Amino acid sequence: MKISRIAVAVVAAGLFTGAHATPADADTTSSVDQFLTTLDDLGITNINPADAVGLGQSLCPLVAQRSQNTADIAAKVSDSIGKPLGIGTMFTGAAVSFLCPKAVDNIAGSLAAGRLPFPLFGRG
């Protein structure tokens, strides 16, 4: 599956926004509620909330692995939820922003150090 540069840019913007919008010590219940509300606000519906949270939480270790291509993660999410890549990209950004505080810390640290926090197009 070919991933467009626009899709990667959307993921990067979502992760960058999440790095500044989510506190590292976020309350788990509050974060889950915010994640589910965000999915509703984005129009990502017809997904069982428990399944959405499980999938979202499963992304945290993938994002934490610097060798993992973020666009590939979004594509896998799209396949998992049976939605187009754009929806998968939004889901991925929301999940990382609200459910992955350690990944957000890593992203913020990388940005502060002037590095990309994740590889784009297979390059770190």
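## F91 and its partners

Setting aside neighbours within four places in sequence, F91 is in contact with F35, L39, I44, A52, L55, G56, L59, V77 and I81. Contact here means heavy atoms within 4.5 Å. This is a predicted model, where local features need pLDDT of at least 70 and side-chain atom pairs count only at pLDDT 80 or more, while totals for chains, interfaces and linings use all residues. Residues are numbered from 1 along each chain as its sequence is written, and side-chain values use heavy atoms, with hydrogens and water left out.

F91 also turns up in the largest nonpolar core, which has 21 residues; F35, L39 and F91 are those with the most contacts inside it. A nonpolar core is a set of buried Ala, Val, Leu, Ile, Met, Phe, Trp, Tyr and Cys residues joined through side-chain atoms within 4.5 Å. As for "buried", that's under 20% relative accessible area, with exposed being over 50% and partly exposed in between (1.4 Å probe, protein chains only). Who supplies this core? α2 (28-41), α3, α4 and α5 (85-99) each put in at least two residues.

## The chain as a whole

Let's zoom out. Helices (H or I, at least four residues) and strands (E, at least two) are DSSP runs, numbered from the N terminus.

Of the 124 residues in the chain, 41% are buried. Take the contacts between residues at least 6 apart in sequence: 70% of them join residues at least 24 apart.

## α3 against α4

Two packed helices are described by the angle between their axes and the distance between the axes. Helix α3 (residues 49-64) and helix α4 (residues 70-81) pack at about 160°, with axes 11 Å apart. Axes are lines fitted to C-alpha atoms, for helices over the stretch in contact, and angles run from 0 to 180 degrees between N-to-C directions. So α3 and α4 are roughly antiparallel to each other; the cut-offs are under 35 degrees for roughly parallel, over 145 for roughly antiparallel, 65 to 115 for roughly perpendicular, and oblique for the rest.

On the α3 side you'll find L55, L59, L62 and V63, which meet I73, V77, S80 and I81 in α4. By class, that contact has seven nonpolar, one polar and no charged residues. (Ala, Val, Leu, Ile, Met, Phe, Trp, Tyr, Cys and Pro count as nonpolar, Asp, Glu, Lys and Arg as charged, and the others, Gly among them, as polar.)

## α5 and its two neighbours

Now for α5. With α3 it packs at an angle of about 80°, the axes being 9 Å apart, so α3 and α5 are roughly perpendicular to each other. From α3 the contact uses A52, V53, L55, G56, Q57, L59, C60 and V63, and from α5 it uses F91, T92, A95, V96 and L99.

With α4, the angle of α5 is about 110° and the axes are 8 Å apart, so this pair is roughly perpendicular too. I73, A74, A75, V77, S78 and I81 in α4 meet L85, I87, G88, T89, F91 and T92 in α5. That contact has eight nonpolar, four polar and no charged residues.

## Two loop residues

N46 sits in the loop between α2 and α3. N46 has a positive phi of about 65° although it isn't a glycine, and it is exposed, with a relative accessible area of 75%.

Q65 is in the loop between α3 and α4, and is partly exposed at 38% relative accessible area. The C-alpha atoms of Q65 and A103 are separated by 9.1 Å, though the two residues are 38 apart along the chain.
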